[in-house]
Amino acid sequence: MARMKFLCDAERCIECNGCVTACKSEHEVPWGVNRRRVVTINDGVPGEKSISVACMHCSDAPCMAVCPVDCFYRTDDGVVLHDKDLCIGCGYCFYACPFGAPQFPQAGAFGLRGKMDKCTFCNGGPEKDRSAEEFQKYGRNRLAEGKLPACAEMCSTKALLGGDGDVIADIYRERVFKRGKGSEVWGWGTAYGPGKPAAAPSPAPKS
Amino acid sequence: MPKLIRLTRWALAALVFAFPAAAPAQGKPADNTQAERQQTQPYNNAPVWREVRKEGQEYVTTVKGRETGVLVQSAGETWRQIRNGPVTVWGGFAILIVVAVLAGIYFSFGPLKTHDKPTGRLMPRFTQFERWAHWTSAISFCVLAVSGLVMLFGKHVLLPVTGYTLFGWLASLLKNLHNFVGPVFLLSVIVMVPNLVRDNLPKSYDFNWFAKAWAMFARNEHVPSGRFNGGEKAWFWGCVVGLTLLSAVTGLILLFPNFDQTRATMQLTWIFHAISALLFMLVALGHIYVGTIGVEDAYQAMRSGYVDETWAKEHHEYWYNEMKSGARSAAGGAVPAGAPRAERK
């Protein structure tokens, strides 16, 4: 089984926000929810770099560890998904996540946040693959259609890579070798190691 | 020991990030190291990457919202370690230990009884106002405690028993109850406290009560006290005033995410909220024990507001003397002469 990962090549990202738009349109994400965002460092000065960030589907996911209702699970592909029927909207996953991935449709008084929403690696949720309920709650399940995440597919400069971790690491290694610079893989240390246990699939909670 | 040092370091780190002043203005270039590096080594982006790995830096992004410009916040991992580590483990064991100790006291010594027979004459101990305020805070406290415990321990204790569907439904209900009952508890305490302050002011004989408390429970020795004894006063100032204040302030910060608190604020606040609430529950277990099964007829005072004269004399002798000598009127205020007396049993 492949271990799915995201990789953003900061030497290539041009901050076009195509990935953000692709994600919103693919999943019909509600207003105010941003499953993906592009962050620019040193904006307008030498050394400007942009990075596209979403859920990194961590090996040892902090969101999963702190969830009081245990609504997260990991697929065989290493994708971290959650069950919106169980989610109580406490916000703990948002406090724990290093990447700011968990989103809430509202930030209301008395802690009324609604159900958490986040990047699914275009892999839907616990509902039946490609069902109407799955689309309505989690967006399209492209992995079930044999496709890769829309954001990475749509990336105009192929800065954002999404897929089998070994394959995208090879692509990136070749790039670094050819251009002779820019070997920094942002977020990989935090999301996939070192010293983090390998992704062990945990079955979807039976709801 | 190294673990403890690490924990302290985490707590300090969390404290530092709690101050928004530590975060620089959004998109402001930190320095021009990269520009200088570019002159000599055009391909070297090391200064940029050093920058990126820094904690809590806000950069430029088109996505609106709180902290969307932050690339990585490692404090979340720290918070996770504190929550899933000491707070859950020590908190859980502390509750089990206190329950075991109370059960031990009950089954080895039994409930505390009066030496003499009840006289049948009742004395007013709590006004109706005091009882209503106390019942409101008592019930809301129990709701908060149970829902809080389910949110911290339910995943480990309840979920394996109930299964996901029932637990998800229950947790959702309890989370909302927790959020709406919290302010009720705070209000009831605010209403209750001014009434009870005067009789909870510490007196010299309260120290004597503490010295003899164990002998009282173990050998049923007589220890005189005012309207409230040393233990009740410690509970009043430490928990009803102190811990309510701490857990209410932290609770209100957590309750209103609409004011755009940062994650660092929420993490630190959560830690204080959880610890103060757990301490509150631990002491409350003792308070509830002596108020119900631990001391015979103490519950009558909470329920009806009246106690037997024997009970008053043996548990709160100075108060009994004051009442008898007419140095003070009925508890906390007016109970008109000839007011209906509560029947015993």
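Two strands pair if DSSP finds at least two bridges between them. In this predicted model, that criterion applies across the two chains. Strand β2 of chain A, β2(A), pairs with strand β1(B), residues 60-61 of chain B, over 2 bridges. The sense of the pairing is antiparallel. Within it, Val39(A) stands opposite Thr61(B) of β1(B).

The contact between the chains takes 48 residues from chain A and 51 residues from chain B. On the chain A side, at least two residues each come from β2 (37-41), β3 (49-53), α2 (62-66) and α3 (92-96). The largest share, 5 residues, belongs to β2(A). By class, the side of chain A that touches chain B has 26 nonpolar, 13 polar and 9 charged residues.

A helix pair within chain B was also examined. Two packed helices are described by the angle between their axes and the distance between the axes. The axes of α9(B), residues 230-255, and α10(B), residues 263-291, come within 8 Å. They cross at roughly 150 degrees. Angles over 145 degrees count as roughly antiparallel, so α9(B) is roughly antiparallel to α10(B). The crossing of α9(B) and α10(B) is left-handed.

Residues of α9(B) in this contact include Trp235(B), Cys239(B), Leu243(B), Leu246(B) and Leu254(B). From α10(B), the contributors include Met266(B), Trp270(B), Phe272(B), Phe280(B) and Val283(B). By class, the contact of α9(B) with α10(B) has 13 nonpolar and 8 polar residues. It has no charged residues.

Notes
Residues numbered from 1 in each chain as written. Chains lettered and ligands numbered in written order. Predicted model: local features only at pLDDT ≥ 70, side-chain atom pairs only at ≥ 80, totals over all residues. Axes fitted to C-alpha atoms, helices over the stretch in contact; angles between N-to-C directions. Helix = DSSP H or I, 4+ residues; strand = E, 2+ residues; numbered from the N terminus. Parallel < 35°, antiparallel > 145°, perpendicular 65-115°, else oblique. Left-handed = near helix turned anticlockwise from the far one by under 90°. Contact = placed C-beta atoms within 7 Å. Nonpolar A, V, L, I, M, F, W, Y, C, P; charged D, E, K, R; others polar.
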